[in-house]
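Welcome! Take a look at the structure below, then work through the exercises one step at a time.

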Amino acid sequence: MQMKRRYFLASLCKAAACIVAATSFPRLAFSGWNERAFQAETLDGAFKNKYPGLDIVDSQAIKLKAPAIAENGSVVPVTVKTDLPDVKSISLFVEKNPSPLAATFNLGPLNVADVSIRIRMGETSNLVAVVESGGKLHRVQQEVKVTIGGCGG
Amino acid sequence: MNIDRREFLRLLTFASAAGLLPLNSRAANEGLYNIPARGDVRLLHITDTHAQLKPVYFREPSVNLGFHDALGKAPHLTGARLLERFKIVAGSHLAHAFTSLNFTEAANQYGKVGGFAYLKTLIDDLRDGFGSDKTLLLDGGDTWQGSGTALWTRGKDMVAACNLLGVDVMTGHWEFTYRDGEVLENIAAFKGDFVAQNVKVKEDALFDGSPAYDEDSGHALKPYVMKNLGGHRIAVIGQAFPYTPVANPSRFIPDWTFGINDGDLQELVDEIRSSEKPSAVIVLSHNGMDVDLKMASRVTGIDAILGGHTHDGIPAPIEVKNANGITLVTNAGCNGKFVGVLDLKLGAQGVSGYYYKLLPVFSNLLKADPAMASYIETMRKPWQSKLEAPLAVAGELLYRRGNFNGTFDQVICDALRMVNDVQISLSPGFRWGTSVLPGQTITMEHVLDQTCITYPETYVREMSGKDLKAILEDVGDNLFNPDPYYQQGGDMVRLGGLDYRFDPLQAMGKRVSEMTLDNGEKIQAGKNYKVAGWATVGSQSAGEPIWDTVATYLRDVKTVNIKKMNTPVLLNAVNNPGISNG
């Protein structure tokens, strides 16, 4: 009998969870934590604190996948992919969240630039994905609506 | 005043009826059901029948505003503007079917519309006239909800009716407002294919063993089906209502996630085009027409999107240009009132021509199919007395459809206020619900036609003026956001006891102003008001079902004469082609 894919994946996840629990990150592991970037309260401030001195250009080469209207503002699924070369990091900013920087993925040279995460959004806001590549910042954005719902036809 | 108007309308009816040919010969003159067989395959399309097994009256909207790119274009045309755009003769059967012009008079003259026994006769004729093996019957969804019997049988009465009707492929929206287990049971009992490319099982639910059609892709249901029609391979992709878990309770279907997902759709169309080599690719959609139009401009490789959800009955297809060609968009109304007929001519390069008609289903002009009629009567029998219980008499025309309060909505809002003794009432802007003519007895069935959902519980609570404004703004943006992908396809929330000004052209947060109570008192942001409502999406409310509240009110008033309509004063909409008189 073949092991079903989801059971295989589920057991894989449990195994991974064990490893994480066993190593139990010491605070030291967060030495790379960019406190200033996460503490910024405006979008511009968060950009500047996260990526000081780099210019931002709008890009067609980034695919941002997020719902137009969130099913649940507490867990909004977001995927960012790009074909840009030499991607160092991918960051997500939510303009109207109390601290706009929601996440940063630091990528090594062998990583594929294709990341997914669920983020929390308090209200309707622009979602900005920024890709650091070739010493430049590339940006794409989309509005994600957080609505009270109801009243569908 | 009210009586005068009714009397006037009654006299008008007599006057116009006196000068008419008998109905059947007049319809024959219009050539209503005389559809020649052209092309190689025929696609029949029904949508949003909302479980109306028996013929009904249904008034099309007189207010269906469109702005920005949608200004003055279908579906945002009503009345004479719609007739003019689609070259329909005023006063004809078709004019009555597609507009609300002289509704009461015309409804008395032309009779009821829809009903599955009449649909069955018409659909069978259209199949046989073209060749059954070359014809498909597609149902855009919102079929298994909308009546008392659909609710009490959890949609099963409609599954059986659809099997009798011979629906080949369908997609859904309100079908997902039963519990997920029931939804899957209904889909299993349905003899056609239920398709939806944009319903997926959430990743964590997949891990926990939630069933999926395809565990690798995450599709909860079959995304598309290939149909062989007289040697031609036709792909039918399903597009369920993208915002089901937002507009309706997600608690009934906690494991599923929806969305427009037009990127996925493009990938799927490309894959079907290369691997299945179809003669045509059709999307059976429950997006709503504005979303269909935008989707058609972005996704390439689709020959036609047959749409529903927004209940727009559009006489001719809209040809939408995109990067690779043209996609047809049609929408086929609601309540069983129409059957769309799309005949496609197919050549070596795929679709080379088309012929389309949206046929109104006049039950006076068609014979009832005996097998369907007998099924409906037998199925209804146990509930007959409950359904036919008389509650009051309609003193005026009662209807719902339109961007703002319809008269039947006002009745619901007035009932909520009176029965619960509150200042303000809220009622959802659903687009379904049938119409009741002046002088007709309002039965429990009519009330259920307006209210029959799986989350009907009412509530009474305090709300601040600020919260009330936030609700109005939120729903207003779902209707009038300039980008169709941000619209949910319902109408504006209905209100009792509250007037306001509304400017659809403003941005969210700035559309609503001058909120006042019925006594003229201004709503204050920081003050609390007593509010009643129903159909809460987030969690179950504690009160009785709304139909009991409305029935109590109707038994009490005996004759419905609406004293005041809480429709807003509209700004920037005076000459909008989406507004008509009558």
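**Exercise 1.** Which elements of chain A have the lowest and the highest mean pLDDT?

*Solution.* This is a predicted model, in which local features need pLDDT of at least 70 and side-chain atom pairs count only at pLDDT 80 or more, while totals for chains, interfaces and linings use all residues. Residues are numbered from 1 along each chain as its sequence is written, and chains are lettered from A and ligands numbered from 1 in the order in which they are written.

- Step 1: pLDDT is the predictor's confidence in each residue, from 0 to 100. Helices (H or I, at least four residues) and strands (E, at least two) are DSSP runs, numbered from the N terminus.
- Step 2: The lowest mean, 45, belongs to helix 1 (residues 5–23) of chain A, and the highest, 97, to strand 7 (residues 125–133) of chain A.
- Step 3: Over residues 12–29 of chain A, pLDDT is below 50.

**Exercise 2.** Describe the domains of chain B.

*Solution.* 

- Step 1: An automatic or database domain assignment sets the bounds: domain 1 of chain B covers 36–56 + 112–375, and domain 2 of chain B covers 389–570.
- Step 2: Their centres, taken over C-alpha atoms, are 30 Å apart.
- Step 3: Domain 1 of chain B brings 28 residues to the contact, and domain 2 of chain B brings 18.

Methods:
Contact = placed C-beta atoms within 7 Å.
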